[in-house]
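Colleague: Hi, could you walk me through this model?
Modeller: Happy to, here it is.

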Amino acid sequence: MATRYAPASRTQNYKYAIRNIVVEAKKIEAQGKKVTYLNIGDPVLYGFQPPQELIEANVKALRDGHSSYSPSAGIAAAREAVAEEAKRRNIRATPDDVIFTYGASEAADIVFAAVLEPGDEVLVPSPGYPLYSALAMKIGAKEVKYRQNPKNDWQPDIDELQSLVTPRTKLLVIINPNNPTGALYSKETLAAMLDVARRNGLIVIADEVYHKLIYDGVHAPMASLAGDDLPVVTLESLSKNYLAPGWRLGWMTVTNSQAMPDVMGAIRKLADARLCAPMSPQHAVPVAMNLPKSYLDATMARLRAQRDVTYDMLNRIEGFSCNKPQGAFYAMAQVDLRDGELGTDEEFVLGLLREKGVLFVHGSGFGTNPKDGFFRIVFLPDVETLKDVYHRVADFAANFFEGKLSLAK
Ligand SMILES: Cc1ncc(COP(=O)(O)O)c(C=O)c1O
């Protein structure tokens, strides 16, 4: 008998591969096998901690009695500190253009809800972080994927981007540096993307939650290139740049908000209706915005070594390749599945999990073709753990390519 308690149809295709795949890992663990998780980008799970100064400011806020709701946009001191840091990074914004949210995730949710009607279109990078697909689906909007080319260091193709714009396109999302590829976009690429947005009247969402975690090259803030007319909503948070994902504090900084007063009004209404972001971590924001650059030195030295071992070891395995990530803590590697003849990317990931207890996420969870054999590696574990993981991958690969192992269950 059909249940009368039916979920809304908009949830039917709602997928979040990064967490969904854990169900499979738990089954393997239930059989008594150890699993090494390289699926989720949470630095704290791998021994990183937020800077001590931030922990103290957060705890002090609680001790000082700051357990009330905050103003919907966030406390003034935090908004001022963010606006000042934005200015240092050549981003035009006043404290009024800053709105604190429940992680960068909620900032994206609010902007999507404020701008998109059902049937409207949003340009999202592919591969890209699945949050944006999920948000579009929730609203009944359509995500239109623009490709990042693995043969060109995962850079987007501007002509393709322009060709995807229709009268229903409202938003252009960029993720820089990118999750899952670790690619950093050049200033020229960003400027060309802004031109597409300007020509077509799109609002730009610049997801820059990893902008301080850069190995090679320089991060150019999208909003610093926006001139004085194009609205760019920059998303940041304490989650990655400050290693505090569980505090759930993020914010949007709206550059050229004067160009879209009605949208700003809608954003504020939505922010009001959900009351506010977590209060006590907001008191850590002025401290965060004024930390010396060196606060990340040890973190970056460790991450760089982990990135290098990932790149070196994977490229040495027959049938595998991997681009060199320039930022964040992800690598998008590829196994040669002979155009799908040997299986799909998900089957590969599950096969590796079953045989070797290593958990990656299949590329198709981020938008690549299952036949292409991409998979995302979170290189947060220490070098010794990673070396052991890549030895296990090499072992698996040898059997797999010799035909001693098939991906079928
Ligand atoms: C590209 C990207 N944007 C946003 C988020 C979510 O960030 P937050 O914890 O600030 O909600 C993540 C988390 O992994 C991410 O990778």
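We'll talk about the domains and then a strand.

Modeller: This is a predicted model, where local features need pLDDT of at least 70, side-chain atom pairs count only at pLDDT 80 or more, and totals for chains, interfaces and linings use all residues. Residues are numbered from 1 along each chain as its sequence is written, and side-chain values use heavy atoms, with hydrogens and water left out.

Colleague: How is the protein divided into domains?
Modeller: Domain 1 covers 13–49 + 296–401 and domain 2 covers 52–290, with bounds from an automatic or database domain assignment. Contact (heavy atoms within 4.5 Å) takes in 32 residues from domain 1 and 33 residues from domain 2.

Colleague: How many salt bridges are there between them?
Modeller: There are 2 salt bridges between domain 1 and domain 2, each a side-chain nitrogen of Lys or Arg within 4 Å of a carboxyl oxygen of Asp or Glu. R307 also forms a salt bridge with D216, and their closest N and O atoms are 2.7 Å apart.

Colleague: Switching topic, is strand β9 buried or exposed?
Modeller: In β9 (residues 250–255), 6 of the 6 residues are buried, so the strand is largely enclosed by the rest of the structure. Buried is under 20% relative accessible area with a 1.4 Å probe, protein chains only, and strands are DSSP runs of E, at least two residues, numbered from the N terminus.

Colleague: Which residues sit on each side of β9?
Modeller: G250, M252 and V254 are on one side, and W251, T253 and T255 on the other.

Colleague: And what pairs with β9?
Modeller: Strand β8 (residues 232–237) runs antiparallel to β9, joined by 6 bridges; pairing needs at least two DSSP bridges. There, E236 stands opposite W251.

Terms used: Buried means under 20% relative accessible area, exposed over 50%, partly exposed in between (1.4 Å probe, protein chains only). Helices (H or I, at least four residues) and strands (E, at least two) are DSSP runs, numbered from the N terminus.
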